[in-house]
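Please examine the sequence and the structure shown below.

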Amino acid sequence: MTDYASIHQPVLLEQCVSLVAPALQDPGSIAVDCTLGLAGHTIAFLKAAPQARVLGIDRDAEALAMATERIAGEGLSDRFIPVHAAFDAFGQVLDDQGIDRVNAVFMDLGLSSLQIDETDRGFSYAHDAPLDMRMDVSQPLTAQCVLAEYPERELVRIFRAYGEERFSRQIAREIVRRRAQEPLTTSAQLNRLVDEVVPQAHRPAGNPAKRVFQALRIEVNGELDKLAGILPQIACRLAPNGRLVVESYHSLEDKTVKSFMNEGLRVDAPADMPVIPDDAQPFFAPLTRGAVQAGPDEIAANPRSASVRLRGVELVRPLPARWRQRFRQDAQVARDHESARDAGENRGRHGGRGRHDDMTARNTTSRRRG
């Protein structure tokens, strides 16, 4: 029997349960774990809320099968619904299951331990493996494709926007030069390239290639676009007093989550308005004070928890109609970007901003209109 505890340590488990479980105490309560992984969090939710069901979504078929097996071993299968999908299909998944509203939604945006430790997909720079990086192996785009097909300016954008890499231009230029001689197909090749390009005096702590690997993984899987697409869908499907709880692991994710939550935490009216209409009052209430981080003991036991940022909000009143319309528009913009990406239209064959830049600009304009 697989020892799941040895390969999967849920991050901030007690804190996540304390934020999610209070919304699941009524009979028939439903939670959605949008990033099921190996089900460590879901099992804890089911045990803490014995009258609730959990719908678990994962785009990694292998992880979904292992999680389903694990939940069966815990005797919890009767209250668990597994779904193979990308999490930005959130609304469609609920429709397919005949579910209108949910009481809690949880997302753990980090790579699962299974993906990190599985050496044949090239997620980790610590192992030599083919540069794949797909969470869903049925999709065509891989990290090899990005390195082989994207023009230099797009590689620069990806490394800069998604990896916050200082030497993006130099790394992209070297990739283009080398791929003309031989294809870049393994993590060892990419590691060596970055090691030779980044000056010793300007390296971050750890492996100098970690930012490039992060950027490639985000691009291959469309992670930030999917995150920007699911958050407004969730807001539209939360029941009264429903909760949204999210664990992020790098600044770009956390910035996206924080910005979205703040939209519902502030008064939607001019600062000088003498009386605030009820319809302009915040519709979210904070469940965390800022972002919760792992303590020294957890980091020592599980080093992967060092970068976590945990945030949560509760829907305290019905979503105003104008916000519901705005969120639906934002979700559609994200879907359109994903469709264009899947069709190969975002591989840098034209100029302009990247997909996530466009989404950010659109959200900023949307907020100003409010």
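**A sheet and its surroundings**

In this predicted model, five of the six residues of E2 are buried, so strand E2 is largely enclosed by the rest of the structure. Strand E2 covers residues 53–58 and runs parallel to E3, to which it is joined by five bridges. Within this pairing, Asp58 stands opposite His84 of E3. E2 is also joined to E1, here by four bridges, and these two strands likewise run parallel. In that pairing, Asp33 faces Gly56 of E2. Strands of a sheet pair through backbone hydrogen bonds, either parallel or antiparallel.

These strands belong to an open sheet of seven strands in the order E3-E2-E1-E4-E5-E7-E6, and the pairing in the sheet is mixed. Its edges are formed by strand E3 (80–84) and strand E6 (284–286), each of which pairs on one side only. On average, and with direction ignored, neighbouring strands of the sheet are turned by 20 degrees against each other.

Helices pack on this sheet. Helix H3 (residues 40–48) touches strand E1 (30–33), E2, E3, strand E4 (102–108) and strand E5 (238–248). The direction of H3 makes about 170 degrees with that of E2. Helix H13 also packs on the sheet, where it touches E5, E6 and strand E7 (309–315). The direction of H13 makes about 25 degrees with that of E7.

E1, H3 and E2 form a right-handed β-α-β unit. A right-handed β-α-β unit is also made by E2, helix H4 (residues 61–73) and E3. Helix H3 is mostly covered, with seven of its nine residues buried. The buried residues of H3 are Gly40, His41, Thr42, Ile43, Ala44, Phe45 and Leu46.

The loop between E1 and H3 contains Ala39. Ala39 has a positive phi of about 75 degrees, although it is not a glycine. Most residues other than glycine have a negative phi, and most peptide bonds are trans. Ala39 counts as buried because its relative accessible area of 0% is under the 20% limit. A positive phi, near 50 degrees, is also found at Leu12, again a residue other than glycine. Leu12 lies in the loop between helix H1 (4–7) and helix H2 (13–20). With a relative accessibility of 0%, Leu12 counts as buried.

Seven aromatic pairs are counted in the model. In one of them, the ring centres of Phe260 and Phe327 are 5.2 Å apart and the ring planes meet at 40 degrees, so the pair is tilted. This pair connects distant parts of the chain: Phe260 is in helix H13 (residues 251–265) and Phe327 is in helix H15 (residues 321–342), 67 residues apart. Phe260 is buried, with a relative accessible area of 7%. Phe327 is buried as well, with a relative accessible area of 1%. Ring pairs link Phe260, Phe283, Phe284, Trp323 and Phe327 into a cluster.

Trp323, a member of this cluster, is found in helix H15. With a relative accessibility of 4%, Trp323 counts as buried. Setting aside residues up to four places away in sequence, Trp323 touches Glu263, Asp268 and Phe283. The ring of Trp323 also has the charged end of Arg326 over it, 4.3 Å from the ring centre. Trp323 and Ala235 are 88 residues apart in sequence, yet their C-alpha atoms are 9.3 Å apart in space.

Of the 370 residues in the protein chain, 55% are buried. Among contacts between residues at least 6 apart in sequence, 73% join residues at least 24 apart.

Key. Residues numbered from 1 in each chain as written. Predicted model: local features only at pLDDT ≥ 70, side-chain atom pairs only at ≥ 80, totals over all residues. Heavy atoms only, no water. Phe/Tyr/Trp six-rings, centres within 6.5 Å; stacked < 30°, edge-to-face > 60°. Buried < 20%, exposed > 50% of the residue type's maximum accessible area, 1.4 Å probe, protein only. Lys NZ or Arg CZ within 6 Å of the ring centre and 35° of its normal. Pairing = 2+ DSSP bridges. Axes fitted to C-alpha atoms, helices over the stretch in contact; angles between N-to-C directions. Contact = heavy atoms within 4.5 Å. Right-handed = clockwise from strand over helix to strand, strands pointing away.
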